[in-house]
Amino acid sequence: MADDPHYNKETDTYRVIHKGHENASAVTNAEGVTVFFDPDNHDVLGFSIANFAQYYADHVTPEGEFEVVLPARVPNNLEEEMDFDEETIKNNVRIAEIY
């Protein structure tokens, strides 16, 4: 992972941004995957994984790869569509700025 341009070893964060947005929003799930999205049309702009070393260990394939499953769009109604409980929504929905 040290050679992967998306991985920051110092912060143990894996981050891929496909498109920036000055007022992007984000939602983070219980596994620490943050999905950045356009607040106007809910299109996914990218993602970030905090504590990536642990995420990788939990999701590594026999080939040494990992998979992140992301929606194409973040649903308008996060509580119902993303299957988060009320506590997760209150604790893990964050606003983020992507440049």
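What percentage of the 99 residues in the protein chain is buried? Buried residues make up 35%, where buried means under 20% relative accessible area, exposed over 50%, and partly exposed in between (1.4 Å probe, protein chains only).

1. Basis of the note. This is a predicted model, in which local features need pLDDT of at least 70, side-chain atom pairs count only at pLDDT 80 or more, and totals for chains, interfaces and linings use all residues. Residues are numbered from 1 along each chain as its sequence is written, and side-chain values use heavy atoms, with hydrogens and water left out.

2. Overall layout. The protein chain has three helices and six strands. Helices (H or I, at least four residues) and strands (E, at least two) are DSSP runs, numbered from the N terminus. Along the sequence the order of elements is β-β-β-β-β-α-α-α-β.

3. Contacts and surface. A contact means heavy atoms within 4.5 Å. Among contacts in the protein chain between residues at least 6 apart in sequence, 51% join residues at least 24 apart. The chain exposes about 6,700 Å², and carbon and sulfur atoms supply 44% of that area. Accessible areas come from the Shrake-Rupley method with a 1.4 Å probe; for residues, only the protein chains shown count as cover.

4. Nonpolar core. The term covers a set of buried Ala, Val, Leu, Ile, Met, Phe, Trp, Tyr and Cys residues joined through side-chain atoms within 4.5 Å. The largest such core has 13 residues, of which Tyr14, Val35, Ile49, Phe52 and Val74 touch the most other members. Two or more residues of this core come from each of strand 2 (13-17), strand 4 (33-37), strand 5 (44-49) and helix 1 (52-59).

5. Strand 3 and its partner. In strand 3 (residues 25-28), Ser25 and Val27 point one way and Ala26 and Thr28 the other way; all are buried. Strand 3 pairs with strand 4 in the antiparallel sense over four bridges, where pairing requires that DSSP finds at least two bridges between two strands. Ser25 stands opposite Phe37 in strand 4.

6. The hairpin and Gly32. Four residues lie between the strands in the hairpin of strand 3 and strand 4, and Gly32 takes a positive phi near 90° there. Gly32 counts as buried because its relative accessibility is 18%. Leaving out residues up to four places away in sequence, Gly32 touches Ser48, Ile49 and Ala50. Gly32 and Thr13 are 19 residues apart in sequence, and their C-alpha atoms are 10.0 Å apart.

7. Ser48. Which strand holds Ser48? Ser48 is found in strand 5. Its relative accessible area is 10%, so Ser48 is buried. Ser48 touches Thr13, Tyr14, Arg15, Gly32, Val33, Thr34 and Phe36, not counting residues up to four places away in sequence.

8. Aromatic pairs. A pair of aromatic rings is described by the distance of the centres and the angle of the planes. Rings of Phe, Tyr and Trp (its six-membered ring) pair if their centres lie within 6.5 Å; planes under 30 degrees apart count as stacked, over 60 as edge-to-face and the rest as tilted. A search of the whole structure finds nine aromatic pairs. The Tyr7 and Phe52 pair is tilted because the planes stand at 50°, with the ring centres 5.5 Å apart. Tyr7 is in strand 1 (residues 7-8) and Phe52 in helix 1, so this pair links distant parts of the chain, 45 residues apart. Tyr7 is buried at a relative accessible area of 17%, and Phe52 is buried at 1%.

9. Tyr14 and Phe66. This aromatic pair is edge-to-face, with 5.2 Å centre to centre and 85° between the planes. Tyr14 lies in strand 2 and Phe66 in the loop between helix 1 and helix 2 (78-81), so the pair ties together parts that are 52 residues apart in sequence. Tyr14 is buried at 9% relative accessibility, whereas Phe66 is partly exposed at 21%.

10. Tyr56 and the ring cluster. Ring pairs link Tyr7, Tyr14, Phe47, Phe52, Tyr55, Tyr56 and Phe66 into a cluster. Is Tyr56 buried or partly exposed? Tyr56 is partly exposed because its relative accessible area is 22%. Tyr56 lies in helix 1 and, leaving aside its neighbours within four places in sequence, is in contact with Gly64, Glu65 and Phe66. Tyr56 and Phe66 are ten residues apart in sequence and 6.4 Å apart in space, C-alpha to C-alpha.
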